[in-house]
Amino acid sequence: MLVSRFMTRRPVTVTPSTSLDEAIRLMEQHRFRHLPVVADGAVVGMLSDRDVRLGTGGQSLGELHVPRDAALPSRVEELMHSPALCVQSDERGPAAALRMVEHRIGALPVLQDGRLAGIVTETNLVTAFRDLCRDPASADVLDRNVEELMHSLVVTLGPGDTLEEAIHHCRDWRIRHIPVLDDRDELVGMVSDRDIRLAMGRALVADALAAKRGGAPEPAPTISGLMSGNVVSIDPREPLSRAVSVMLGGRISALPVMLDGMLLGIITRTDILEHYGTIA
């Protein structure tokens, strides 16, 4: 299936000089996580909500009255990734999926005759994978059980662990999702790199405001203050198509794999994309 079949057409774009406050407003209004950056009709970069979370804590700095001399970013060009990695409209979905996995990105601008024709996201691709699994001709090859793709070696955190420990875990293990276990080894939450970036960005803004007002910076939060507590999990015997449906329905990117209350592994959208790219 070609990228042009399931890409989002006429994507909302920004320019390098667009304010971050406006970019945040557009992301919130349209529930987007990625905005192509366009100048003179050409794609010159990509801005993701991960960039914005780390740079501003996902907050409007204008509304917070952050001082201009606080050395915090204010324009898209200060946070965007450039040059943007793009795909052509006639490229196959599996190839685009592998490109996302290789470069650890969540969206690709789609070009046709050198012009921006759309955007294909991680969500578009895992949806395409799920739809292929519904085709009897593809299901036997694609729709494996979760236990065949899950990662059995799972890095975990405790509710009382620090933000710094979470940062080190993500960096050292090159992961983006960490289950949180309590003292009884029961799953009580999940923390993602998006949660971590949000906390880091908000700490930067809080420090800038504290300096302006002459107060002390706020202490760094523990994992219990960052994690999502309502964790959705999946049984290892469920098919991958079911895992994708759960992820899409909950707008989440990873699922702990549980059996009889025990954490056996974790499966992510990246795992799905890699499987789709190498099998389809």
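Guide: Start with T18, which sits in the loop between β1 (8-9) and α2. Keep in mind that this is a predicted model. T18 has a relative accessibility of 14%, so it counts as buried. The cut-off for that class is under 20% relative accessible area. Leaving out residues up to four places away in sequence, T18 touches A23, S74, R75 and V76.

Helix α2 covers residues 20-30, and it packs on helix α3, residues 49-56. Two packed helices are described by the angle between their axes and the distance between the axes. For α2 and α3 the angle is about 130°, and the axes lie 11 Å apart. That angle makes α2 oblique to α3. The crossing of α2 past α3 is left-handed. On the α2 side, the contact uses L20, I24 and M27. On the α3 side, D49, V52 and T56 meet them. By class, this contact has four nonpolar residues, one polar and one charged.

Now stay with α3. Seven of its eight residues are buried, so the helix is mostly covered. The buried residues are D49, R50, D51, V52, R53, G55 and T56. Their cover includes α2, β3 (42-48), α4 (61-64) and α10.

Not counting residues up to four places away in sequence, A199 touches L163, P221 and L226. D182 lies 17 residues from A199 along the chain, and their C-alpha atoms are separated by 21 Å.

α6 packs on α11 at an angle of about 140°, with the axes 9 Å apart. This crossing is left-handed. T123, V126, T127, F129, R130 and C133 form the α6 side of the contact. L240, S241, V244, S245 and L248 form the α11 side. By class, the contact residues divide into six nonpolar, four polar and one charged.

Helix α12 runs over residues 269-279, and its buried residues are R269, D271, I272, L273, H275, Y276 and G277. T268 caps the N-terminal end of α12. A side-chain oxygen of T268 lies 3.3 Å from the backbone nitrogen of T270.

Finish at T121, in strand β6, residues 115-121. T121 has 17% relative accessibility, so it counts as buried. With residues up to four places away in sequence left out, T121 touches M100, G106 and A107.

Methods. Residues numbered from 1 in each chain as written. Predicted model: local features only at pLDDT ≥ 70, side-chain atom pairs only at ≥ 80, totals over all residues. Heavy atoms only, no water. Axes fitted to C-alpha atoms, helices over the stretch in contact; angles between N-to-C directions. Helix = DSSP H or I, 4+ residues; strand = E, 2+ residues; numbered from the N terminus. Parallel < 35°, antiparallel > 145°, perpendicular 65-115°, else oblique. Left-handed = near helix turned anticlockwise from the far one by under 90°. Contact = heavy atoms within 4.5 Å. Nonpolar A, V, L, I, M, F, W, Y, C, P; charged D, E, K, R; others polar. Buried < 20%, exposed > 50% of the residue type's maximum accessible area, 1.4 Å probe, protein only. Polar contact = N/O pair within 3.5 Å; in protein donor to acceptor, adjacent residues only side chain to side chain.
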